[in-house]
Amino acid sequence: MAKKDYFDLTDQVAVITGASSGIGYQIAKALANQGAKLALFARREERLIANKKEIEDEYGVEVMYCVTDVTDYDNVAASVQAVVDKFGRIDILFNSAGMGGNIPILDQTQEQWDKHIAVDLGGIYNCCREVGKVMIKQHYGRIINVGSIHSRVIFPGGGISAYSAAKGGVMNLTKNIAVEWGEYGITCNAIGPAVFETELTVDSIEMDGFMDLINAYCPLHRLGKPGELDGIVIYLASECSSFCTGQLICIDGGWTAI
């Protein structure tokens, strides 16, 4: 008897936002490794072109890209329609587009607050809402949102009020979608990474005393490594997670256990 590949995603269609770099690009490769066809969404076309070629050459799967600003709902709708026009369906949505920043509340401008909420929460809402229309019609879907450990806990020293407020919103948006769309065979979960070195986090990591903070609050005493999010996302994207929905799963070296 042939062994079953529980995490085979061959011919499933995955939309990945924030796919130009960082976690989005890492997960795009992980899903391609399992056989998924990809639609890469991000704003930087030159990065999308390069990433599309690299993934096609390495994994031999079909890849398309759409230049997409997740805060622009009409842009999101047009990109989702382009995916449906090419592939006919969308099975997986991985919402990774986001921004970082450390600004104390009293130093934060209204524009800075609004931008964080628009990108880190509004962008996920826009993509879930539009892709959800497709998934509801096909009575199947796997939505995975990128939350944070700061969906649950606050960074010592402050300065992330907008970021943590948005990521807390992602956790509860994820629960709402899970409840509203469960009857359509759609699951919606979120991952809560601790600190991984990406373009968004490099400035924080280089701050004086930052690694002292990691050593104090992370039981594994280190940053997350490339690839350490792959397994949980593949699980949540697969049929194996069919009874898991509405969850925020932290991949944090034990940070939220304290």
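**Entry 1: helix α3**

Against which elements do the buried residues of α3 pack? I noted first that this is a predicted model, in which local features need pLDDT of at least 70, side-chain atom pairs count only at pLDDT 80 or more, and totals for chains, interfaces and linings use all residues. Residues are numbered from 1 along each chain as its sequence is written, and side-chain values use heavy atoms, with hydrogens and water left out.

I took helices (H or I, at least four residues) and strands (E, at least two) as DSSP runs, numbered from the N terminus. For contact I required heavy atoms within 4.5 Å. The buried residues of α3 pack against the strands β1 (13-17), β2 (37-42) and β3 (63-67), and against helix α4 (110-138).

I then looked up the helix itself. Helix α3 covers residues 73-87, 15 residues in total, and spans 21 Å from its first C-alpha to its last, close to the expected 21 Å (1.5 Å times one less than its number of residues). I called a residue buried under 20% relative accessible area, exposed over 50%, and partly exposed in between (1.4 Å probe, protein chains only). V76, A77, S79, V80, V83 and F87 of α3 are buried. Viewed down the axis of α3, these buried residues fall within an arc of 165 degrees, so they line one face of the helix; the arc is that of the directions from the helix axis to the C-beta atoms. An α-helix has 3.6 residues a turn, so residues three or four places apart point the same way. D74 and D85 are exposed on the other side of α3.

After α3 comes G88, with a positive phi near 90 degrees.

**Entry 2: cysteines**

How many disulfides are there? With a disulfide defined as a pair of cysteine sulfur atoms within 2.5 Å, I recorded zero. For C127, the nearest cysteine sulfur is that of C128, 7.2 Å away. C127 is buried, at 1% relative accessibility. For C244, the nearest cysteine sulfur belongs to C188, at 11 Å. C244 is also buried, at 14%.
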